[in-house]
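Thanks for making the time this morning. I would like to walk you through one chain, from its overall layout down to a few side chains, so please keep the view open while I talk.

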Amino acid sequence: MASIDLYSLLLVAVALASSAPLAAVAGDPDILTDFVPPAAIGGQITGDYFTFTGFQPKLPVPLPATNFTVSKASMAEFPALNGQSVSYARLTFPAGTVNPTHTHPRAAELLLVLEGGLSVGFVDTAGKLYTKDLVAGDMFVFPKGLVHYQSNLQGTQTATALSAFGSASAGTVSVPVTVFGTDIDDAVLAKSFKTDVATVQKLKAALTPPPPKKNP
């Protein structure tokens, strides 16, 4: 099947994912204390507990990235966020890269472009696509639970952005990986997308590369 057909198939996957009921959509529970200290600290809490340094520049300076990368400051990386309903992520887009279609089931996302430019978009539950080309200083909100993406396909320089979430653990569900990179039966996917098993297997192979070979 021609590459344009594969692209069309992925667009159908996005549309179906955005229109399907999102049973997993939820929010952070309220807490009855100022914050939630970890039991391991035993009450000995200082300002260090409320400080996250993971976004500091790394030394020595790493080589320029060639793939899209994300650095998270969620509850997993920053335990002090437990119960606070906030988190951050820093996104880095070398020229020609994308953050593939995905959803955050537990939070809206507020993206601020720090440098460069990004093309962004989301699909609502009626199947309507909203897009915008952003430059440094622009902000864009992705509503909670909706399929969205960001890309730097037209830029010639690396773009960076900071995303804020209304959850300490917003969660990320990748549309391509969830649909084609899991163990859903090939025949079910072929029927669902009105294509053939060979096309489904080609997409699965692209999204689930074989594990690296172990040294003898």
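**Layout, cores and side-chain pairs**

The chain has four helices and 10 strands, where helices (H or I, at least four residues) and strands (E, at least two) are DSSP runs, numbered from the N terminus. Please bear in mind that this is a predicted model, in which local features need pLDDT of at least 70 and side-chain atom pairs count only at pLDDT 80 or more, while totals for chains, interfaces and linings use all residues. Residues are numbered from 1 along each chain as its sequence is written, and side-chain values use heavy atoms, with hydrogens and water left out.

Read from the N terminus, the elements run α-β-β-β-β-β-β-β-β-β-β-α-α-α. Of the 216 residues in the chain, 31% are buried, and here buried means under 20% relative accessible area, exposed over 50%, and partly exposed in between, with a 1.4 Å probe and protein chains only. Among contacts with a separation of 6 or more, 71% are between residues 24 or more positions apart, a contact being heavy atoms within 4.5 Å.

Let me turn to the interior. In soluble globular proteins, nonpolar side chains tend to be buried together. A nonpolar core is a set of buried Ala, Val, Leu, Ile, Met, Phe, Trp, Tyr and Cys residues joined through side-chain atoms within 4.5 Å. Which members of the largest core touch the most other members? In this core of 17 residues, they are Leu111, Leu118, Val120, Leu134, Phe140 and Phe142. The elements that give two or more residues to this core are S2, strand S4 (109–115), strand S5 (117–123), S7 and strand S9 (159–165). A second, separate core has nine residues, including Val179, Ala190, Phe193 and Leu203.

Leu111, leaving out residues up to four places away in sequence, touches a list that includes Leu91, Leu118, Leu134, Met139 and Ala161. Phe93, in strand S2 (residues 87–93), has 0% relative accessibility and therefore counts as buried. The C-alpha atoms of Phe93 and Ser151 are separated by 7.4 Å, although these residues are 58 apart along the chain.

Now the aromatic residues, where rings of Phe, Tyr and Trp (its six-membered ring) pair if their centres lie within 6.5 Å, with planes under 30 degrees apart counted as stacked, over 60 as edge-to-face and the rest as tilted. Nine aromatic pairs are found in the whole structure. One of them joins Tyr49 and Phe50, whose ring centres are 5.1 Å apart and whose planes are at 75 degrees, so the pair is edge-to-face. Phe122 and Tyr130, by contrast, are stacked, at 5.0 Å centre to centre and 20 degrees between the planes; Phe122 is buried at 11% relative accessible area, whereas Tyr130 is partly exposed at 32%. Phe122, Tyr130, Phe140 and Phe142 form one aromatic cluster.

Finally, the charged side chains. How many salt bridges does a search of the whole structure find? The search finds one, a salt bridge being a side-chain nitrogen of Lys or Arg within 4 Å of a carboxyl oxygen of Asp or Glu. Asp186 and Lys204 form this bridge, at 2.7 Å from N to O. Asp186 lies in helix H3 (residues 186–192) and Lys204 in helix H4 (residues 197–207), so the pair ties together parts that are 18 residues apart in sequence. Both Asp186 and Lys204 are buried.
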